[in-house]
Amino acid sequence: MKILATLAIGLTAGAALAQPSISSLTQPGLKDLSFTWVVESANQAELAKINRDFAQSMRIKRSTVEMKEPFMLRMESTVEDSQVIFIVNGGKKVTRIPRSGLVARDDVSRAPGKRQTWFDFGILTPSLFSNYFSAKFLRTEARGDLNGTHVFDITYVASLNDKTRHRIWIDPTRKIVRKREWYGQDGTLRAVFSYQSPIQSNGQWVPSRLVVTNASGRQAGVSVFQNIRANGGIAASRFATN
């Protein structure tokens, strides 16, 4: 009996060691990324069931997106004939409308729900798990279209005081998210994101299609990412918030 018990302990320890770490599933070589975000379809009634702000964002049909490590994002869109520039740099967010001279600034360092990161586009970088997200391995999927993906629960670190949770399915070869379930602070499912049609740019994998489904299982929106370019050398000055 003692031999069997020792063997069982050894097997359990071996299984624990075999669990993938989230750091092994990020793309440390991805330093910056640019693409054109095109909304192919947006069902406003179904999007509104997810979140009013999310539904509003899907009204913008075309945006140019630039991202840079760590935590830098710039998005340029045209809304009613006016250029709108949206920048997040660390915990600072600024919205500019040059035509009207409007500049709105916000401190989002303690409001992760108001930020946009690589994570929203199905991409994992090391900075996401440095005092921002925590990751808990659940299992390796063994069936269906997601067979072989690693499943993690993602939560914000305790200091951010946000109970929002995500469950993600990660492609261990391309190191991108295949599927993400978004659960609100009350624990209820808000939306499901399916990241599809990955392409490679300068050795980095990036999804090029996003399908959003609400908690009722109804398709709410479809977007495509065009003109994808990884590691093009985007200048940090593009993300200035002053």
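# Exercises on a predicted model

About 1,400 Å³ of space lies in the largest pocket. This is a predicted model, in which local features need pLDDT of at least 70, side-chain atom pairs count only at pLDDT 80 or more, and totals for chains, interfaces and linings use all residues. Residues are numbered from 1 along each chain as its sequence is written, and side-chain values use heavy atoms, with hydrogens and water left out.

**Exercise 1.** Describe the lining of the largest pocket.

*Solution.* 
- A pocket is an open set of points on a 1 Å grid over the protein atoms alone, where a 1.4 Å probe fits, with protein on both sides within 12 Å along at least five of seven lines; lining residues have an atom within 4 Å of a point.
- Count the lining: 44 residues. Asp53, Ser57, Gly113, Arg115 and Gln116 lie nearest the centre.
- Sort them: 21 are nonpolar, 14 polar and nine charged. Here Ala, Val, Leu, Ile, Met, Phe, Trp, Tyr, Cys and Pro count as nonpolar, Asp, Glu, Lys and Arg as charged, and the others, Gly among them, as polar.
- Assign elements. Helices (H or I, at least four residues) and strands (E, at least two) are DSSP runs, numbered from the N terminus. The largest share, four residues, comes from α3. Elements that each supply at least two residues include β1 (32–42) and β10 (176–183).

**Exercise 2.** Locate the largest nonpolar core and follow one of its residues.

*Solution.* 
- A nonpolar core is a set of buried Ala, Val, Leu, Ile, Met, Phe, Trp, Tyr and Cys residues joined through side-chain atoms within 4.5 Å. Buried means under 20% relative accessible area, exposed over 50%, partly exposed in between (1.4 Å probe, protein chains only).
- The largest core has 48 residues. Leu33 is among those with the most contacts inside it.
- Contact means heavy atoms within 4.5 Å. Beyond four places in sequence, Leu33 touches residues including Val65, Trp118 and Ile234.
- A second, separate core of six residues includes Met72, Ile87, Ile234 and Phe239.

**Exercise 3.** Which backbone features stand out at Pro70, Lys175 and Asn202?

*Solution.* 
- Most residues other than glycine have a negative phi, and most peptide bonds are trans.
- A cis peptide bond joins Glu69 and Pro70, with omega about -15°. Pro70 sits in the loop between β2 (62–68) and β3.
- Lys175 has a positive phi, near 60°. Lys175 is partly exposed, at 27% relative accessibility.
- Asn202 also has a positive phi, about 50°. Asn202 counts as exposed because its relative accessibility is 51%.

How values were computed: Points joined across faces, edges and corners; volume = space filled by probe spheres on them.
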